[in-house]
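This briefing goes through one structure by topic. The sequence and the coordinates come next, and the notes follow.

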Amino acid sequence: MYVLIFLLWLVLNGKITLELVLLGLALTALLALVMRALFGYRVKTELRFWRASGLFAAYAAALLAAVIRANFAVLGRILRGSRALSPALVRIRVPLRTPLCRYLFANSITLTPGTITVDVEDGVYTVHCLDPAMLDGMEDSVFVRLLRRLEG
């Protein structure tokens, strides 16, 4: 966070001089102290974030690819008519430990066309989908593998 705030300071100033860099370093250090006092900010947390940023980028790319594929799959089912649709509630078990990873996984399902996460309880996700085949292999999908790596 400290690095991002400092870079934002430099970008918003529009020029780089020794005085602006020193003032920016001082102000961002002061802001970091305030964030530590108010929000429990730690440098360790920031380092963990930077280490995980590659995984977040890979996750975002995988999610974008899945959303594009699902758009075409849903479009195909709609164009074939109502016989191609067989809506169902499906329960899948994905043992993610951290609330952040559970949140990301549930919302990734909801962002993907044709599926909506209805409930999450003890690692069991209840998902409404247009066709149960849409969730085949979801327990060991690229999403789950990346989130497990993110959990450590």
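The face of α1 turned away from its buried side carries Val11 and Leu12, both exposed. The model is a predicted one.

**Helix α1**

- Helix α1 has 12 residues, and its first and last C-alpha atoms are 17 Å apart, close to the 16 Å expected at 1.5 Å a residue.
- Ile5, Phe6 and Leu10 are the buried residues of α1. Viewed down the axis of α1, these buried residues fall within an arc of 140°, so they line one face of the helix.
- The buried residues of α1 pack against α2.
- Ile5, which lies in α1, touches Thr28, Leu31 and Met35, leaving aside residues up to four places away in sequence.
- The C-alpha atoms of Ile5 and Val67 are separated by 32 Å, and the two residues are 62 residues apart along the chain.
- Just after α1 comes Gly14, with a positive phi of about 80°.

**Helix α2**

- Helix α2 spans residues 18-39, which makes 22 residues. From first C-alpha to last, α2 reaches 31 Å, close to the 32 Å expected at 1.5 Å a residue.
- The buried residues in α2 are Leu20, Gly24, Thr28, Ala32 and Met35. Seen down the axis of α2, they fall within an arc of 105°, so the buried residues line one face of this helix.
- These buried residues of α2 pack against α1 (2-13).
- Leu18, Glu19, Leu33 and Ala37 are exposed on the face of α2 turned away from its buried side.
- Leu33, found in α2, is exposed because its relative accessible area is 58%, over the 50% cut-off.
- Leu33 and Ser108 are 34 Å apart in space, C-alpha to C-alpha, and 75 residues apart in sequence.
- Gly40 follows α2 and has a positive phi, near 75°.

**Nonpolar core**

- The largest nonpolar core contains 24 residues. The residues with the most contacts inside this core are Ile92, Val94, Leu96, Phe105, Tyr125, Phe143 and Leu147.
- Two or more residues of this core come from each of α3 (43-80), β1 (88-93), α4 (99-111), β3 (124-129) and α5 (142-151). Helix α3 gives the most, with 6 residues.
- In soluble globular proteins, nonpolar side chains tend to be buried together.
- Leaving out residues up to four places away in sequence, Tyr125 touches Val90, Arg91, Ile92, Val94, Leu96, Arg102, Phe105, Ala106, Thr117, Asp119 and Val120.

**Aromatic pairs**

- The count of aromatic pairs comes to 2.
- In the pair of Phe105 and Tyr125, the ring centres are 4.9 Å apart and the planes are at 80°, so the pair is edge-to-face.
- This pair links distant parts of the chain, with Phe105 in helix α4 and Tyr125 in strand β3, 20 residues apart.
- Phe105 is buried, since its relative accessible area is 0%. Tyr125 also counts as buried, at 0% relative accessibility.

**Salt bridge**

- The whole structure holds 1 salt bridge.
- The side chains of Asp131 and Arg77 meet in a salt bridge, at 3.1 Å from N to O.
- Asp131 lies in the loop between β3 and α5, and Arg77 in helix α3, so the pair ties together parts that are 54 residues apart in sequence.
- Asp131 and Arg77 are both buried.

**A loop residue with positive phi**

- Asp122 is found in the loop between β2 (115-121) and β3.
- The phi of Asp122 is positive, about 55°, although Asp122 is not a glycine.
- Is Asp122 buried or exposed? Asp122 counts as exposed because its relative accessibility is 65%, over the 50% cut-off.

Notes. Residues are numbered from 1 along each chain as its sequence is written. This is a predicted model: local features need pLDDT of at least 70, side-chain atom pairs count only at pLDDT 80 or more; totals for chains, interfaces and linings use all residues. Side-chain values use heavy atoms; hydrogens and water are left out. Helices (H or I, at least four residues) and strands (E, at least two) are DSSP runs, numbered from the N terminus. The expected span of a helix is 1.5 Å times one less than its number of residues. Buried means under 20% relative accessible area, exposed over 50%, partly exposed in between (1.4 Å probe, protein chains only). The arc is that of the directions from the helix axis to the C-beta atoms. Contact means heavy atoms within 4.5 Å. A nonpolar core is a set of buried Ala, Val, Leu, Ile, Met, Phe, Trp, Tyr and Cys residues joined through side-chain atoms within 4.5 Å. Rings of Phe, Tyr and Trp (its six-membered ring) pair if their centres lie within 6.5 Å; planes under 30 degrees apart count as stacked, over 60 as edge-to-face and the rest as tilted. A salt bridge is a side-chain nitrogen of Lys or Arg within 4 Å of a carboxyl oxygen of Asp or Glu.
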